[in-house]
Amino acid sequence: MSSSIVCWKFRTMGEHKQQQQQQGVTEQEEHFDVLDKLGHKTGLTKPRGAVHRDGDYHRAVHVWIYAESTQELLLQRRADCKDSWPGLWDISSAGHVSAGDSFLVTARRELHEELGVLLPKDAFEKLFIFLQESVTNGGTFINNEYNDVYLVTTLEPIPLEAFTLQESEVSAVKYISIEEYRSKLATEDPQYVPIDVNGQYNQLFETIAKRYKGNIETRRLDLQKKLSRYAPVSLNAELTGITEADKGALEYIIKAARIMDDIFHLQTWYSNPSLRDWLNKNAELSDLDKLKWRYFLINKYPWSCIDENEAFLTTADSAIKLLPEATKPVTGWKGLEYRSAFPAEKSPCANFYPSDMDKMEFELWKDSLTVNQRLEATGFFSVIKRLSELDLDSSKCRNTAVNSTLPHDLYVVPYSQEYETFLVKAAELLRKAGDMTDTPSLKRLLHGKADAFHTNDYYESDIAWMELDSKLDITIGPYETYEDAIFGYKATFEAFVGVRDDKATAQLKLFGDHLQVLEKNLPLDNVYKSEVVFAAPIRVVQLLYNAGDVKGPQTVAFNLPNDERIVKDRGSSMVMLKNVSEAKFKLILRPIAYACISKEQQHHVDFDSFFTHIICHECCHGIGPHSITLPSGKKSTVRLELQELHLPLEEAKADIVGLWALKFLIDKDVLSSSLMKSMYVSFLAGCFRSVRFGLEEAHGKGQALQFNWLFEKGALVLHEDETFSVDFDKVEGAVESLSRKILTIQAKGDKDAANELLQYYCQMTPPLQMALKKLEMVQVPIDIAPEFPIAEQILHASR
């Protein structure tokens, strides 16, 4: 329940002014970034006095301290010398954001300088952005501010004698009940700085009221309903054919895989590990606490994956931390206890970038870097941090090698350093497993991954993964980039441990053998086609265990690696999780077909067509544009050009081009013509399955795009009984036209066209809403919640 900070590397006001002087800013007057009316930087900076004289838009922060136990807010009385609202009661702490500074750093610094309260970044919860436009002092002070509003939640009120007040800013502090304060603002009490509580700022009061006045039984029922959307299923696999040596290695592999959970929790938000441990510790206190923990285990963070990432927890549910060093000591008081915070809206930056970084700041910094530094900054295996926000312990303060280009505040940290504690342990386990196995290709993979965890170079270990020829099938490391919603650059750690299904693997070789001919015949101008496409080896696996980035809806297959260097040189490899696919078909897709597909076409929905399209989907990730040449002649990649739009468009491409490819292979007599109708109708049922994941998720976005396109073209038909069918005469042309559209956008690296396509078609249209409402009424599960009894037995036996 307690935590301590060993070392703070924090800019004081003196250091802050010193940096300003180094950048040509005079010590006498602070400079601000000038914004346009929409809050975007103009590139200009001006002195504080000139900004308020001219009414320029600029940035500031508001920080509120709220005491849970007494339901009180801390207020400060502004010093009499202040140039606005002198002597009035105001926000706990507030301040302007100096030119080049960040919101969060400013919030922490202002709280420290004005009140003597020094807190780490996980104490600050961003609530909203407030635009304040006012004119005071007889028209001589114009305040047009964009304010980031933060909430710090403490358990008890901080004793008033624990504060150290900055005399030039603050003359006194006091606590006031939230209701009394709101009443004084509503009646425009002259002792208080005016805030319009009926406007945007009402969010502060509504947020707090909702958290602490909610009905426990209502919350319990809501979480039960959310959990019921996942069908529990036990996934097993036969260990027959695995040597005794490999069975011994399996114990170490599963233990290493579990560590991927620890890394992934940290990658999604910096306070997420604290929340996880707190929920686990308190899971047995009540039924509600148990449900919180169970639903967290499915999502792996406090946002619900299939509800557009809506928060199902609040900071009021989060971990309590004790920080005695946060203020001056007070006799008889153990020190400040606060809630480790997270935002209600999931940050697109996750924990790969500073939470208050925007695209413009990143791009300006990136442009200042050398070519190699730029590759590292936009690469898969690094995080981006702030020089001004180094709140690490003393050992890291000494050892962190910062690669920065002044005057920019950002710098790169490789995964091998950022997650060193976890990766060293995982590497040790993988090396032990590699020493134990008697399968040469598995030994090479495990030792290679262990080395990569140390070196941050995953190229050779990913080649070893592609060439794996083992009954035990292991995928472990950083791969998918879905969590990086701002750029789609950074990879999350994951692990899949399975047993290869040799018979099913042999049957699927034909898809890999036909990748080149599929590339040659893609509905795409020839100038954009690749001359050489490497056949993707396909491995069918019965899943034993997964960990890391496997939250919410479970994947049925994956095509890796995503590293364009390897895809260009060697292609990719595919893993199909057959027992996961079987569980989803039985528990989800078949009930969807009964509810949403016309009776005349329901018999076309079968597992073979469902599984075959999954295979083709994964194969089609390996064809089409990847490394591209822009109209300017510059070499680039689809991922770098489309950024956050790459993943939903790539998922849509793999799906729709997969349908095109199946039709092509049927026409060439590679596949049976009996598959023709079933693949289209099974795809239609699958549309409703994937859209239920939500339109914030890449697969859901991609599926909405496809459904709405095909529906618009008349390839999908809605009947009076609210069921759907496929028009077999129109579907082929509609599939080909969408395939051409997406492939061409990717080939050109045309982000504007990608955005236009997704904005128009990625909508929850009335036909989709009708289908989803019906599925909710008949209570068809949205996805599965797998359990892994064999892995648990192995881990239990090793204890």
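The structure is a predicted model in which local features require pLDDT of at least 70 and side-chain atom pairs count only at pLDDT 80 or more, whereas totals for chains, interfaces and linings use all residues. Residues are numbered from 1 along each chain as its sequence is written, and side-chain values use heavy atoms, with hydrogens and water left out.

Helices (H or I, at least four residues) and strands (E, at least two) are DSSP runs, numbered from the N terminus. Arginine 229 and aspartate 307 are both buried, where buried denotes under 20% relative accessible area, exposed over 50%, and partly exposed in between (1.4 Å probe, protein chains only). A salt bridge also connects glutamate 284 and lysine 290, whose closest N and O atoms are 3.9 Å apart. Here glutamate 284 is exposed, at a relative accessible area of 64%, and lysine 290 is partly exposed, at 36%. Salt bridges with shared partners join Lys46, Arg53, Asp54 and Asp56 into one network.

Lysine 551 is located in the loop between β19 (538-548) and β20 (557-560). With a relative accessibility of 14%, lysine 551 counts as buried, and aspartate 549 is buried as well. These two residues form a salt bridge in which the closest N and O atoms are 2.8 Å apart. The lysine 551 side chain additionally makes a polar contact with the side chain of glutamate 483 at 2.9 Å. A polar contact is a pair of N or O atoms within 3.5 Å; within protein, one must be able to donate a hydrogen and the other to accept it, and residues adjacent in sequence count only if both atoms are side-chain atoms. Not counting residues up to four places away in sequence, lysine 551 is in contact (heavy atoms within 4.5 Å) with Phe264, Ile298, Asn299, Lys300, Tyr301, Cys305 and Glu483.

Two of these contacts, Ile298 and Asn299, are among the buried residues of helix α9, which also include Leu288, Trp293 and Phe296. Helix α9 (residues 287-299) comprises 13 residues and reaches 19 Å from its first C-alpha to its last, close to the 18 Å expected at 1.5 Å a residue; the expected span is 1.5 Å times one less than the number of residues. The buried residues of α9 pack against α6, β10, α7 (244-268), α8 (272-281), β11 and β26 (783-787). Lysine 300, which follows α9, has a positive phi near 70°.

Strand β21 (residues 573-577) is largely enclosed by the rest of the structure, because five of its five residues are buried. Ser573, Val575 and Leu577 lie on one side of β21, and Met574 and Met576 on the other. Strands are taken to pair if DSSP finds at least two bridges between them. Four bridges join β21 to β19 in parallel orientation, with methionine 576 as the bridge partner of valine 540. Four bridges also join β21 to β20, and these strands run antiparallel; valine 575 is the bridge partner of phenylalanine 558. Strand β16 (residues 410-414) is likewise largely enclosed, since four of its five residues are buried. Five bridges join β16 to the antiparallel strand β15 (residues 382-386), and isoleucine 384 has valine 412 as its bridge partner.

A nonpolar core is a set of buried Ala, Val, Leu, Ile, Met, Phe, Trp, Tyr and Cys residues joined through side-chain atoms within 4.5 Å. The largest such core has 173 residues, and those with the most contacts inside it are Tyr353, Phe453, Phe511 and Phe688. Helix α24 (residues 646-667) gives the most to this core, contributing eleven residues. A second, separate core of 53 residues includes Leu119, Phe163, Leu279 and Val330.

Note on methods. A salt bridge is a side-chain nitrogen of Lys or Arg within 4 Å of a carboxyl oxygen of Asp or Glu.
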